[in-house]
Structure formats: C-alpha cells, structure tokens
Amino acid sequence: MKQTPRISFYEASARQRVAGLLDPGSFREILPPTEKRTSPHLGLFDAPVSFDDGVVIGEGTLEGKPVAIFAQEGKFRGGSLGEVHAAKITGLILRAAARKPQAVLGLLDSGGVRLEEANAGEIGSTEIMRAIFEARRVGVPVIGLLGGSCGCFGGASIIAGCCDALVASEEARLSVSGPEVIETVMGVEAFDSRDRALVWRTTGGKNRFLFGKVATLVDDHIPAFRTAASALVRPSTPLRLDSLRTERDALVRRIATFGTCTDAKQIWEKMGLPADRVSDMTAAELTAAKPA
Amino acid sequence: MSSPDKVARRTEKLARVAKAFGPGKVIPAARTVEFLELILSPGDRLVHEGDNQKQGDFLAEKLAQMDPKKVHGLKLALSCIGLPEHLDLFENGIAEVVDFAYAGPQGGRLAELVGNGTVKIGAVHTYVELIARYFAELRPDVACLVAVDADAEGNLYTGSNTEETPALAEAAAFGGGIVVVQANTLTDNLRRIDIPGEWVDFVIESPKPFHLEPLFTKDPALIDETRILMAMMTMKAIYQKYLPKVLNHGVGFNTAAIELLLPTYGEELGLKGKACTHWALNPHPTMIPAIESGFVEAIACIGGEVGMEDYVASKPDIFPLGHDGSLRSNRFYGQMAGHYADMFVGATLQIDPFGNSSTVTADRLAGFGGAPNFGAENRSRRHLSEAYLRAGAEAHQGEFMPQGRKLVVQMVETFQSANTPTFVERLEAWEAMKTAGFAIPPVMIYGDDVSHVVTEEGVANLLLCRTIEEREQAVRGVAGFTPVGLKRDRTMVANLRDRGIIQRAEDLGIRKSDVSRDRLAARSIHDLVRWSGGLYNPPSRFRNW
C-alpha cells in the first residue's frame, strides 16, 4: 500500500517542531542560543552543555492566534529539567499569565529532572507547576503536546498532569515512573521494560487517550498536532474545589471498574473495544471507536 | 570418515530402539535422553540443525544431558553454534571436535574454549561448503533436525524456515545415517509435505515450539544520516552505473537503508524495472516499500522471517509459496541464486589496506555464514547480463580474453565505534589464526574478490585499479581518519580521484545537505506495517505502539 510521507513529530528536533506548528515566520525566540544561558552545574561533571539548555521558548501565532510556546529538546540529555531549563519555562508561562496570549503550548519531551542538577531541577519543576496554575487562574490555557522520542516521565509527567489538555500521538509515552524504574522496583515478572509492545500499551498515547488523560489522539504528523492544538484553544477552566472533587470521583470509579486488570488489553476489553486491534488502529479509527 | 560397517551399525541401532520403544517412529519427549543414548555411539558424527534463525533447542538440551560414559568423542557438525548447549557438549566431555559455519552469539565463549583446548575445530566453513561436505567426507551418522509439524509416518512440514532441512535430511537418509526430528506438533493433517517420511526415522513432539530469531528485521528508526549518505552514493555510483538485476543484500543497516531508498531515490535514479528486479534474500521487512512500489519481480528466499508470514503469503508472484500458501525457503538453493547473482552488497567488521575483510576478532570466533559464497567473484559463471559485462569490461580491460565480473561491494563506516576503526593495517584474523591453530588466517572475503569499497568518505572502484599499489591507495583513500586512511599517499589518491576510481559525494552530485531521513520510504517499523496494509506483524520487541 503506497504511503505518503508524514512530517514526523517523533523524529523532529525541538526547533523543527516549533517551526512546523506555528504560522510560518511568526516565531520570536526568547533567550535564543546566542545568549548562551548554559547550565551552571553540568561543568562540574565534565558534561557538555547546550547554549539553550535543551529548551526552546518564545512567542508566535498558531493559525492566527497569539500563543506562547516551549519545546524541550529530547536529544540534549534526554530533555531533562535542569535549573536554567526549568527557569526558562517558568519565566515564559509567568510572562503569558501577565500578557495573556490565547494559550501556552508545552512540547514535553523529557525523562524528568536532570540527575546532575537534582535539587535545582526538582525545585524548577515545582515552579513550572505553580506557574501553570497561575496562568490557568487568569484564564490562559496550557496545552501539552506529547509525541517525542524521550516520552514524558518523572517531573515532566506531573507538569503534563497540570495542563488544561493534552494532545498525543500513539508514539507518546506518559508515566510518572519510567519502564526501567518499574522493572527495577517491582521485578521483571511484573513489568518487562524490554517488551516494547507492553511498554507502549501501558504508557503509550493510545492507552492515555482511552483513559481520558489525553484529549486528542493524533497520528505522528506535525500538521495533525497543529490542527488538534488549535482546536483546543479556549479560555482555561481554573481548578476549583468542585472540579477537583469531580476528578477524584472519576479516579475512584476507575479503580472500581478496572482495578483488577493486569494488562491494558483487559481494560480495553472491559471498555468494549476489540483489544487485539487497538494497537493497529489509526488515531481516527480509535477516536471513532472510543466509548463516550 | 564413514566406516565400512555403517549400514550394519544403523541396523543394530534401530533394533536397539525397537526393543526399548517398540515399533513406530514416534518417541515420547520424556524419554528423549534415553533414546539419544541408544542411537549415538562413541565417535559418531552428529549433525544438529540450527542456524542463524531456527534452533533445534529441545534436542540440543537433551543431547547435553546424555551420560558421557555412554556417549563421548562425538564429532559435531552444524551450521551455527547458536545455543549454549552446543558448547556444553564439549564441557561435559560428550563431543570433541566441531565443524561449523557460523558462531554468532556463542562466538566469545567458543574463542575461550578453543583457547583452553576444550573445543577442537575441524574447520570453519561457509554454509554451502559445510552442506556439500555432508555428502562427501562429513557424512552424518545421526542428524537431529527441526520441523513445525510431523505426522506418525515421519512426513514433515517445516514452515517458512525450511532452510537447510532438506539437504541435511538427504545427506543422512541416503548416507546410512539416522534422521531424528523435533517437531512443534504431531498431527495427522500436514498442510504440506516438505520432507517425505521415508527419509525420517524418528519424530519427537517437543514441549515448546523451537526458537526462531528475527535476524533480518532492521528498525528503520535506527538508520542515521551517515548510512543514508553511504546508501545514496552506492546507488548512484554502482546501482545506476551497472544496473544489476539479480542481487543479494547482507543483513545490516547499510543495505536496509538502500532497500528503504529504492522507492524514493531509486525511482529518481531511474532504477525501477531496470535494476534490482530479482533477489536472493530472506523476506526483509525493509523490502516491503520497494515491493509495494513495483521494484521487485521475485525473491529467492534463503530462510523466512518472523512476522512476515501473512505479507509473504499475499505475494504469490514474488515469494516462493507452496500450494498451501505458505513460504518455502531453501538455504542451499538461495545461496546458489546469490552465488550466480550480478551483485552482493554487505558489511564487515575489519578491512585491511588490500581489501581483505574479516568478522573474526581476537576474542570472538564468529565464523563466515553465507557471506563468502555471496561475496566472491564467481569464476564458474557463464550466463551474461548487462551488469556482469559492464563490470567485466572494467576489470579485464585490455586483456586478451574478454570476461564478465560479479560486483562485490563492501559498505562500511570508517569506524565501528569511537576508537574502533574498521580499516586496520593487519586483520585480527592473524591473531585468531595463532590462538585457534589455523594454518592461514580466517578471512571472510578476500580483497581480490571485492569490486567496490564504500564508506562515508566515498566510493573506491577496485575494478579500475591496475596495480596492487593503486588498489591499496584506493582503499586508503576512502578510509577516513583511521590509521589506514591517514597513511594515504595524497598525490596518488588525488590521481585516483581524477580517474574516477575514487568518487566523493560531491563528485557524484550528491549534496550532503540533501541527505535526510525524510528520504526513507519508511522511518519506523510501524511505517512498514502501514506499507504492508497491516499484513506485516512484527515481534513485540520491535513495536513502539
């Protein structure tokens, strides 16, 4: 079956993703590599630095709508959250909270906090979360886009959890603990991190979509991410006590319904989906098949 | 060496088995060790089936459990030393000498056991060389083989991976030997008979299906731009120039890159229909886009590939299918098809300045497999083709007797990894010769068989070299920053480049900025599944969805 080439989000660099998502020529980068804001910690470990510390931030337009955008570069130290890296993201979101563009787009591609900068990175992650809640409080939505090669793990996954909505491809992975970590703690019988199909059906974009964590599932094609993100731009619903209660009740129901399942396939079957076919469905097919 | 009373000994062994197990060919799996001890006598030559893909793992496990007091001094012969049990036979004192073609994953341990005298090597072979010797001086006393299904009469269905089973069965059955088969399932309804029951003495239903290694599955996601550059240079400098119609590709990522560039760059170069129409090849998943784009007319399969069954079954015009609709492969015939092909393209671990190459290193005895047959100038070829004549015109220019020439292309990056150069002044095979006690170094492909060496630095056409000095400088001239490359004679290399013997990317009109993964027809395993219309079913470990 002849295939037309896709513009892969998974394979693109952070800069290529930003260029492909925003309207051509609209992106203005803040603290570009020429500013050389590098990590103050990596030198102590004789590790190479990057002039943007592995994250691109700036402003532009998405189908004409003014947005702020950050994109983590998975190819630099696994997209890890270092001190400068996190501060750039925090600054961008706080600036958005003050200037009120129509949305903040967060392209998360990260294994979590940078090990060499543990404490600074952890603090930086929590600062990002606070900034997201501040943006949401003033009505600026934060939309996470997941589909990079590093997945979205650790601190980055919690940041994803703070967003208004997520767009993901099936290549995306979203989980607090990475597969290797789970295998180390729980044993290979519980979770074989080298079984790639198991890893993806557990943490991958499709399972997160079926669970409701991901709002829109797209194919690995940058224009598909653009269309999906643009459709999700609407004023943020700030977090309040009643919305948190609704969320908690949904989680309680989820445990009650699926708590005894030991594999994502059992969950899909309980949802009434053809469990063996889910992995092979396109984003459009699975979206149509997803139970309301 | 087969002894004159071989048939008498066979009759005696069969009588012993009949006494212990009663009549019939089916042996219960639980009594396998006892059975093997009855059919194997000290000093017997045992052929065990197992290659780079399928493994006779159940029988290997049981052979290693035999009592060395009863069975010892065995002469083991097998295509691939692929399982730890093969070497356990030596540590347990059951076997003493081995003839083989390939050692793959056991190469490290083999080198160690040869070094301390536990294993004696008869010879390291190529696949067809070893199979041929089973019909001459290495006739098996017992052959332990592998099948998917068997019936009580001993008829066998081998599935997609028939490979060398027919050759091994024939050598033993018609050479006074005993043929024993482990089958995944005993059934009355075989979907096809690959081996007639008359050739088979005993069948055992193994508790677990035999292991099948997806050796030919290369994930397009792992093909980087260096490989794409090398692939583009190879396609322009060699495929477009000679237009080889029948060819064989090695198992590595370099040739996988070419396969994935055929529908894009290959189409631009006008190769479709003019070159690459017939192949001697396993069903590589990376061939799916080229097949779907109409490049391929037929593929002679040496073996099968896990996950490709349904896709292969959907292409009866291209793949050799039985009337039952499943693939029939054959290593011997596939190797022969590659032997008589226009071109071989492969890779290696080390090359010396004269183009000799080897995958043997000081601490690994990997063996040769099929590469020396695919990758050798074939002086027994008589049929003609455009590529064969074009290459021959270059190689034999100015000679009295016109001749053709097979294209043998070595595609390597100048470094295997940091500090491990591919180009070396002296192959480690020389060291291995000393450790293993060989008379000459184990060389995979000899330099005078090689027609072209391709690296990221360029293409060296050795056919056009007129002296051994020119050949040496042509190799050094593409060896990059390796010690071999740094010792090049700059004047001579410049002269070779002027004469088109060395071609850089820019000489071929390839701009490095045009080299991109976007050119690959598929960039992931999932893309291959899409190209296959959902018929390719990759093993779990290759999925990221």
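Visitor: Is D342(B) buried or exposed, and how do I read that?

Guide: A residue is buried if 20 or more other C-beta atoms (placed from the backbone) lie within 10 Å of its own, exposed if 12 or fewer, and partly exposed in between. D342(B) has 26 other C-beta atoms within 10 Å, so D342(B) is buried. Mind that this is a predicted model, where local features need pLDDT of at least 70, side-chain atom pairs count only at pLDDT 80 or more, and totals for chains, interfaces and linings use all residues. Residues are numbered from 1 along each chain as its sequence is written, with chains lettered from A and ligands numbered from 1 in the order in which they are written.

Visitor: Where is D342(B) found, and which residues is D342(B) in contact with, leaving aside its neighbours within four places in sequence?

Guide: Helices (H or I, at least four residues) and strands (E, at least two) are DSSP runs, numbered from the N terminus. D342(B) sits in the loop between α12 (331-339) and β14 (343-346) of chain B. Contact means that C-beta atoms, placed from the backbone, lie within 7 Å. With those neighbours set aside, the partners of D342(B) include P244(B), V246(B), S385(B), Y388(B) and K406(B). Y242(B) is 100 residues away in sequence, yet the C-alpha to C-alpha distance to D342(B) is 9.3 Å.

Visitor: How do I read two packed helices?

Guide: You describe them by the angle between their axes and the distance between the axes. The axes are lines fitted to C-alpha atoms, for helices over the stretch in contact, and angles run from 0 to 180 degrees between N-to-C directions. Take α16 (residues 468-476) and α18 (residues 490-498) of chain B: their axes come within 9 Å and cross at roughly 90°. Angles under 35 degrees count as roughly parallel, over 145 as roughly antiparallel, 65 to 115 as roughly perpendicular and the rest as oblique. So α16(B) is roughly perpendicular to α18(B).

Visitor: Which residues of α16(B) and α18(B) meet?

Guide: On α16(B) you'll find E470(B), Q473(B) and A474(B), facing M492(B), V493(B) and L496(B) of α18(B).

Visitor: And what about α3(B) and α4(B)?

Guide: Helix α3 (residues 57-64) and helix α4 (residues 84-91) of chain B have axes that come within 9 Å and cross at roughly 15°. That makes α3(B) roughly parallel to α4(B). Among the residues making the contact are A60(B) and L63(B) of α3(B), plus H86(B) and L89(B) of α4(B).

Visitor: How many residues of α9(A) are buried?

Guide: Of its 18 residues, the number buried is zero, so α9(A) lies largely in the open.

Key:
Contact = placed C-beta atoms within 7 Å.
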